[in-house]
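Thank you for making time this morning. I would like to walk you through a few places in one structure, so please have the sequence and the model open as I speak.

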Amino acid sequence: MKLLKSKVFLGLASFFFMSSFLFARAVDDGIGIDEKKRDSSTVHNVGNIWLRVSNYGFFGSGDNSPKWPSLEYPGGSAIDYLYQGSLWFGAKKVRRDGFGNRLYWLEDANDEDDVIPETHPDWNENLQLVVDTLTTVGFDGDYRLYEFLPAYNSLETSPLGTQFSQYNNYDIVMSASVRSHRRGVDDDGDGLIDEDPVGYGFPFRAPDELPASFSCYGGDYLPNTQYLHGILPILEHYDIWFPLGFVDLSDESNELYNFAQPKDDDMDGLLDEDGYPVSEQDYIGYYFDYSPFGTLGDRDFGSAQSSSIHVPLNVRVRQMSYQWSYEYIKNLIYVEFNITNMNNAYEDSLYDCAMAVYMDCDVGPQAWGAFYDDDISSYVSEPYEFAYTYDWDGDGGLTTGFVGSRVCTPDPDSLVFACWTWSSGSGPDDWDQLDYFGTTNVTANEKYWLMTDRNPDDSKYTSLKDFPNTQVGNPTDTRYLFAFFGDMQGMSNPTSGSWNLGPGRTMKIVIAVFPGDDIPELMDQAEWAKVIYENPQVLTTVTLPDTFIHYVAPEPPRIPRMFAELVDNGNKISVFWNNRSELENIDTKTVTKGQVGWQDINPGIDSHIDQYEIQQNLYGYFPDEFAPPDPAGYLNPARVNPWTAYRLRHDFQGYTLWGRSGSGSQEDWIEIDRWDKIDTAQDLLDYMVNSDNDSLFYNFGGDLGIDKGLPQPKILDQSNPEHAKYLNYFLYNGFYEFVPYVYGDIFYGEPIFNYEIVYSDSLQNYANGLSFDDQALLFRNPDMREDVYLAIYNDKFIPLDFHGGQAYVNNGVEDTLHTNQRLASRYYYSEITRPPKGIEYYVASTAWDRGIPEMNLLALESGRDADANMKILFPGPSAKSNMDNIHVVPNPYVGQSKFDGRRENDDKGDKSRRIWFVNLPQRCTVKIFTLAGDLVDVLHHDGAETEDIISVSKAAYEGVAASGMEPWDLLSKNNQIIAAGVYLFSVKDHDSGDKKVGKFVIIK
């Protein structure tokens, strides 16, 4: 029996794993990223709009490091649109004293303290209840205030002591991706579904709050309930299975509030291996406007903290943002806010809620530094309702885009909108929200007034909704507050249009951020964002579990794992990738659930019950899992039978190899080569569903390529003794079943795994003494290089303890299907010739499918970003023992050279220069001298090494240089900028002791 089936082991395993340029303004809070007290290090960069997010209720970089990208469009262009934006949230809340008693105004109150509790002898029913309008902001650019903080923040350093140091580094923005997990899928093969999501898996809501189909899971943790009630409710109701919205975010059983720390929720010895992401790049963070630990004191910080009194609403926020690389959705980012009312002790509701997105937009090229004073904000009203920003003069054709934001849920038709702008430094005041009498303003909370479309000062604030052209022709250091709210009767006379949040309840708000190249395109994008989201909730349902499908995003095949290296003295790049895209490719959106089933209404079409016997006779069998149910289970709207649908959902078609040189822009990829599978006779038959019925005909063909075939084809020939070994491997045939190869079949690529190695208890015992990588190498095809294998093998096919395939072994025997999948795993090879040298070169391999003709979608292709499989190399010569040809490139260096860019925190760019010493030995020391013989710098070279990418905009931060190259940043050993002139260099080979001297010229 596998160890992971032992409860004793589960407990021990769990214990083991758990213990193991100038901006518009400066925010002076003294908190650095390196202290891990603020996490703004995560950037959405798989699509074409790059947005930085944080766990502090703000997005964009502000003055955090790194500054770029903040909100960059197009991705890799080095054109930015945002200084810093944030969430603002406000509501009415009953005031209580320290004992929990509601407070009432005295009849002649003229001071904020002129209140009495309901228990006071002088209380009477004619007194007015004290209701405060409170607002919490993620960032207030005018007054440098941050009021949404993660659990572990700088204000908790002393109160929490060692607990802070133990958990601080875990309180970060988490990431998840459909590239590694799928909602409603048993990703780890352990018989449970979605039971171990990223970070802490909250318990589910109460049974009566969940859809009836899942009520059996209510009030408990998902792994526990699945052990008790199984996975059938999920399998039968997958179309409404959305566990992100089913969890109880008011739960306080996790007293450490370490929600982002990896956790073995299902106690199988693995961490976060089976979750339910939404997009290709999910970012998830938690923050609060109060101290969850009960720490006293003002819960805000920033340079204006001392002059502001923050009164919390007592809300907890889970922020989730989503992005995809797919062509039709790459220009959208969705940000979802789950706001939970944590006023559970006294059962206080938050009334007349209002939310706003504050955007302090600085638009222009990142390299320009100060570019914030020529921008425009505006607004488009019904039926779109979105705010946007652009650069007034387009910066001479460099900054030509527009970036907007809109609401997707609650339903925009159920909301009232407001949008305001003001001059820098004149922002709204809520420095003492309880002092109704002491303020000289018309209200103690100007922020809440603006958020609910009331102007507290006509001389300061302008409504962009009413006057959208107010900044046109008058560009400025712009900002906007895009707000939305209900009918504002939630406390006095609640209606279906009121927006209240009861105690312990969570509301879901989703906004979309989108770019465009002009206003009509921006309007199209705003509408597209709403279409893609689909089915918004309304104000009366926004606190209920959402069972509507959103972000309807058909997906390309899985991203292949890839390895790339420089060969042939830097004249070629060898690229290897695996066939994961073929083996793990079932896209349920290709044929939607409503199209699939059996029916007895429309004879002659694929889903009619008669087709069962026809196909059974034709093919000699029909898989039991797709056989018809009892007639009571027929689906009359069905048009495709389940077996046909299973085949159609395997929509992989081919691979593409991509390259680009010296550019971070995702628009600059060049197709190197493209392959596509040769469609089988069964494929071609399947694509034309109901071809004899004009009204019910479906074309599932789409982009079928040119039948080029996949790389490295070989027809297995009995007369070739080298081909006999291939008969031990498996083919994925036209019915998408694993069958052994036979002579005459075409074998593409080469095997990854060794067919002679099978799981056994003795193999497990032997593996226990090896490292993780060495355990995986036990299954390597001996003809495959170890470094290539370790880069591209799929750990899901390693059936050893603590590997991805451990759950496929029971009672010492590995599941046959799992074995067959391993023996169907291949790797392919191709090369890129004559890449430009001395500057970074980007390589990626992608997989593409047929697309969905019925949805007018062209072929969908997997991502080419750093989170996919993109590799970056600096092509150049390999290391040489002959030192005669060592030289410097470029020589002379004339600033700025094409090898230069911009490193972080280098505002002037004079510390981001680079020259290369080339044709170096494998191990050597390079010394640089002035003509006078003074030592300037010393470089230590040790073959191929990781080097900084100093392009202004970075798709990644590092690449691997050729083994015969070493860069120098034109800075002295004391980090000083060197002068122009002639310099000498010497190279000493560590292996031979040989020396070489030379010179180069720096011109500025």
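Let me begin with a question: in which loop is Ile678 found? Please keep in mind, as we look, that this is a predicted model. The loop that holds Ile678 is the one between strand 27, residues 670-676, and helix 11, residues 681-687. With a relative accessible area of 41%, Ile678 is partly exposed, and together with Ile715 and Ile746 it forms a nonpolar patch on the surface, where the three have about 250 Å² of accessible area together.

From the surface I would like to turn to Cys353, which has its place in strand 15, residues 351-360. Is Cys353 buried or exposed? Its relative accessible area is 0%, and because buried means under 20% on this scale, Cys353 counts as buried. If we leave aside the neighbours within four places in sequence, the residues in contact with Cys353 include Phe89, Gly90 and Ala91, then Phe485 and Gly486, and also Trp499, Asn500, Leu501 and Met507.

Next, let us look at strand 42, residues 915-918, and ask which way its side chains point. Ile915 and Phe917 point one way, whereas Trp916 and Val918 point the other way, and all of them are buried. In a regular strand, the side chains alternate between the two faces of the sheet. Strand 42 is joined by 3 bridges to strand 40, residues 887-889, and these two run antiparallel; here Phe917 is the bridge partner of Val888. Strand 42 also pairs with strand 47, residues 965-968, in the antiparallel sense over 4 bridges, and in that pairing Trp916 stands opposite Pro967.

My last stop is an open sheet, in which 4 strands follow the order 24-25-37-34 with antiparallel pairing. Which strands are at its edges? They are strand 24, residues 562-567, and strand 34, residues 750-751, each of which pairs on one side only.

Methods
Residues numbered from 1 in each chain as written. Predicted model: local features only at pLDDT ≥ 70, side-chain atom pairs only at ≥ 80, totals over all residues. Heavy atoms only, no water. Buried < 20%, exposed > 50% of the residue type's maximum accessible area, 1.4 Å probe, protein only. Contact = heavy atoms within 4.5 Å. Pairing = 2+ DSSP bridges. Patch = residues over 30% accessible without salt bridge, like charges linked within 9 Å, V, L, I, M, F, W, Y side chains within 5 Å. Areas by Shrake-Rupley, 256 points an atom, 1.4 Å probe, with all protein chains shown as cover. Salt bridge = Lys/Arg side-chain N within 4 Å of Asp/Glu carboxyl O.
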